[in-house]
Amino acid sequence: MSPTSALTQERIDQLIDDHFRYEATDDVDAVVASLTPDAAHHVVPSPVGPIRGRDAARAFYRRLFDALAGEQVTPVRRLYGPDFVVDEVLWQGRVIDGSIFLCDGRTGSVTFRMLHVFEFEGDLIRSEQVWCDLAAIQAQLGVGTRDKVAA
């Protein structure tokens, strides 16, 4: 039996929406409690790389919440598979510490797409993979642009 087969689509939506609400309110304890004790978590890009377990997730989310100030998340679509959910959103807010996106020393307002892939074990998230549109983030933070040189 697949991990999501015992969950209804409505229950999955509630679990994901609760998880996102905890993230939006910087509630580290609630975010971590929404994960299984050995949950796999991977944000691409991330200077941390893939992590496993609640302690590692707690450290990551503390860093993330210090680095970002979200203003709005707009759902794009959610796709349901036999043992996974794919969630696409448009994230808008401020990058306070660009190192979280491998953009050291950069700050600024950004809007970018995020793609999440969730797997569940009961009512908990056992795996969360997140892909961020790094090219959009870098462009908005001015990474890769050349300073104009006066002739």
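1. A word on terms: buried means under 20% relative accessible area, exposed over 50%, and partly exposed in between (1.4 Å probe, protein chains only). Helices (H or I, at least four residues) and strands (E, at least two) are DSSP runs, numbered from the N terminus. This is a predicted model, in which local features need pLDDT of at least 70, side-chain atom pairs count only at pLDDT 80 or more, and totals for chains, interfaces and linings use all residues. Residues are numbered from 1 along each chain as its sequence is written, and side-chain values use heavy atoms, leaving out hydrogens and water.

2. Have a look at helix 4 (residues 134–141), where A136, I137 and L141 are buried. Seen down the helix axis, the buried residues fall within an arc of 125 degrees (taken from the directions from the axis to the C-beta atoms), so they line one face. A135 and A139, on the other side, are exposed.

3. What do the buried residues of helix 4 pack against? Their partners are strand 4, strand 5 and strand 6, with contact meaning heavy atoms within 4.5 Å. After helix 4 comes G142, with a positive phi near 80 degrees.

4. Now the largest pocket: 30 residues line it, and E23, A24, V73, W91 and M114 lie nearest its centre. Strand 3 (68–80) gives the most to this lining, eight residues. Helix 1 (9–24) and helix 3 (54–67) are among the elements that each supply at least two.

Definitions and conventions: 1 Å grid on protein atoms, 1.4 Å probe; cavity = no way out; pocket = protein on both sides within 12 Å on 5 of 7 lines; lining within 4 Å.
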